[in-house]
Amino acid sequence: MGLKVLGDPLLRRTPPQQPDVLTTIYRFPSMEPQSFAYYPANKLHLPLRRDILHRAVIFEGDATRQGTASTKWRRDVHGSGVKMRPQKGTGRARLGDRKSPSIRGGGVAFGPHPRDFSTDLPRKMYDLAWRTALSYRYRRGQLVVLEDGVEIEMNESRWLAQIMNWNHIGRSDGGSLLVARKPGDNISQAFSGIEGHGRLKSEDDVDVKDLLKAGRVMIEERSLNALLRKHSSDLNRRVPSAV
C-alpha cells in the first residue's frame, strides 16, 4: 500500500504557480495613479519570515561596526618589568611592576583591540530577506511604487512637509522612506530639513533594515526592478556546466 501511494501521479504533480501581483504606479508628489505593473509572486508576495529578517538585520549591523577601539594591554605599556616594592615586610598590598593595571599609567586589563565584527550570511538567504521585506510592505499596503525621475519644483522643506502630511505619508502617519536612483537637487535639499517626516536614499545605500524601519516605502519603478533583479540569486536553479 505504501508503494502505491508514493507512486500516485497526483502526489507527484507540481504545485500550482501563484499568479502575479498587481501594483499601481503613482506620480510624486501629487500621488495620482498613472499606470499598473505586474510582478511575480515569488518576488513581492512571499510569506513573512521573521527569522530570516532578523538574521539579515544582524548581518547588516555587524558589517557597519567599525571595530577601531584600541587600548594598551600590560604588554603594550612601555616600562620596566622590575617589581616596584618587596613582596613582604612593607605592610602594604602586593604589587608588581609599573605596567600593572592596578596603578595609574599601567596597562588596561582585557581592554579592546581593533577587530572585525562582520559576520557571514549566505547570499541566497540575504536575497530572500530582501524580497521578504518588500513583500511584507506590499502585503500591508505600505509599498508605493513611483514613476521614474522623482523631483519637486521647489527645494523648500516646509512645502514638502505639507505635501507629505496632505497625502498621509508624513510624520503623523509613521513617516516614509523614498528610494530613488538619482535623487534631484531640489528633493534632496528639501528632505534634509524634514527628517521626522521621511528619509531619502539612493538604491545603492538602502538595506533591509531601512525597509523595515520606516512607516512605508516609496520607491521608483526602475529602482524596484533593479533591487529585485539584484537580489534573486536563490531563484536561479540552473546547474553550472562542468565543461
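What is the volume of the largest pocket? The largest pocket has a volume of about 160 Å³, a volume being the space filled by probe spheres set on grid points joined across faces, edges and corners. The model is predicted: local features need pLDDT of at least 70 and side-chain atom pairs pLDDT 80 or more, while totals for chains, interfaces and linings use all residues. Residues are numbered from 1 along each chain as its sequence is written, and side-chain values use heavy atoms, without hydrogens and water.

**Pocket**
- On a 1 Å grid over the protein atoms alone, a pocket is an open set of points where a 1.4 Å probe fits, with protein on both sides within 12 Å along at least five of seven lines.
- Gln-17, Gln-18, Asp-20, Pro-40, Ala-41, Asn-42 and Leu-46 line the largest pocket, lining residues having an atom within 4 Å of a point.
- This lining comprises three nonpolar residues (Ala, Val, Leu, Ile, Met, Phe, Trp, Tyr, Cys and Pro), one charged (Asp, Glu, Lys and Arg) and three polar (the others, Gly among them).

**Fold**
- The chain holds eight helices and six strands, which are DSSP runs (H or I, at least four residues; E, at least two).
- Their order along the sequence is α-β-β-α-α-α-β-α-β-α-β-α-β-α.
- The radius of gyration (over C-alpha atoms) is 28 Å, well over the 18 Å of the globule rule for 243 residues (2.2 Å times the number of residues to the power 0.38), so the chain is more spread out than a compact globule.
- The C-alpha trace spans about 90 × 75 × 40 Å along its principal axes.

**Burial**
- Of the 243 residues, 35% are buried, meaning under 20% relative accessible area with a 1.4 Å probe, protein chains only.

How values were computed
Buried means under 20% relative accessible area, exposed over 50%, partly exposed in between (1.4 Å probe, protein chains only).
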